[in-house]
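Please find below my notes on the structure you sent for comment. They take the strands, then the helices and the core, and then the charged pairs.

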Amino acid sequence: MIEMRIYGLTLDAQSKSPVVILRDMDNDVMLPIWVGPMEAMAISLVLNKERLPRPLTHDLFLLTLRGLKANLRRVEIIDYKDGVYYAALVIYGQEGRIRVDCRPSDAIALAVRMGAPIMVAAHVLQLAEQAQEQGEPLPQRDNIPPQPDAATDLVRRASARKEADLISGMLLRYGSLPPATPQEADARYQELLRSLDPVSRNKM
């Protein structure tokens, strides 16, 4: 198996779906894996070192493993069939080693949280390359941001919407907003408006 790392997070030009780009440690091979928006957000939050007040599903899973005195040793992308990747978690616990079938997107989200290696079977890379030769080419290097942040913007926009609802409620109830200096107010509402804007393709 070949160890790979997350190289970037981008958008598929046609489907507009998030794509995680994996790259081998020697920077010779890239592997795109299409994921859902929630999985992309879960991966991007960790890459951008965003902290949330409560654990998300992947965090909860790892907390449960720790509670059971088990450890996620690595994740493996083991097969590629009909355009679908298959993955497995390799977990070591008190009963020894176990393998758990999972989606690659969840495997990657767990791996980045634990700092666990992402391993890809050599034949998967070959099959993916053949598929790319018959279809759409890989995203070009210049179009992949080194620090993916598009999914994190989804969280920021959700927070901004909540704040917008709060401000609207205060205006309806009291007819005014809490006092603030012009600089504070300007910075606050500029950030609010920025978060509510659609995410640009450059950020993706």
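**Strand pairing**

1. Strand β1 (residues 2–11) runs antiparallel to strand β7 (residues 118–120), and three bridges connect the two. Within this pairing, M4 has I118 of β7 as its bridge partner. Two strands are said to pair if DSSP finds at least two bridges between them. Helices (H or I, at least four residues) and strands (E, at least two) are DSSP runs, numbered from the N terminus.

2. This is a predicted model, in which local features need pLDDT of at least 70 and side-chain atom pairs count only at pLDDT 80 or more, while totals for chains, interfaces and linings use all residues. Residues are numbered from 1 along each chain as its sequence is written, and side-chain values use heavy atoms, with hydrogens and water left out.

3. β1 also pairs with strand β2 (residues 18–24), again in the antiparallel sense, over seven bridges. L11 has P18 of β2 as its bridge partner. The hairpin of β1 and β2 has six residues between the strands, and K16 there adopts a positive phi near 65°.

4. Strand β5 (residues 84–93) and β6 are antiparallel and are joined by seven bridges. The hairpin from β5 to β6 passes through two residues.

5. Helix α1 (residues 37–47) contains a run of buried residues: E39, A40, M41, A42, I43, S44 and L45. Here buried means under 20% relative accessible area, exposed over 50%, and partly exposed in between (1.4 Å probe, protein chains only). Just after α1, K49 has a positive phi of about 55°.

6. The largest nonpolar core comprises 36 residues, and L22, L31, L72 and I108 have the most contacts inside it. Its largest share, six residues, is contributed by α3. A nonpolar core is a set of buried Ala, Val, Leu, Ile, Met, Phe, Trp, Tyr and Cys residues joined through side-chain atoms within 4.5 Å.

7. Which residues does L22 touch, not counting those up to four places away in sequence? Among them are M4, I6 and Y7, as well as V29, L31, I77, I108, I118 and V120. Contact means heavy atoms within 4.5 Å.

**Salt bridges**

8. Six salt bridges are present in the structure. The term denotes a side-chain nitrogen of Lys or Arg within 4 Å of a carboxyl oxygen of Asp or Glu.

9. Because D59 lies in helix α2 (residues 57–67) and R113 in helix α3 (residues 104–114), the pair ties together parts that are 54 residues apart in sequence. D59 is partly exposed at a relative accessible area of 25%, whereas R113 counts as buried at 17%.

10. E76 and R99 form a further salt bridge, with 2.7 Å between the closest N and O atoms. The pair links distant parts of the chain, since E76 is in strand β4 (residues 71–81) and R99 in strand β6 (residues 96–102), 23 residues apart. E76 is buried, with 5% relative accessible area, while R99 is partly exposed at 41%.

11. R103 and D106 also meet through their side chains in a salt bridge of 3.0 Å, N to O. R103 is partly exposed, with a relative accessible area of 43%. Salt bridges that share partners bring E39, R103 and D106 into one network.
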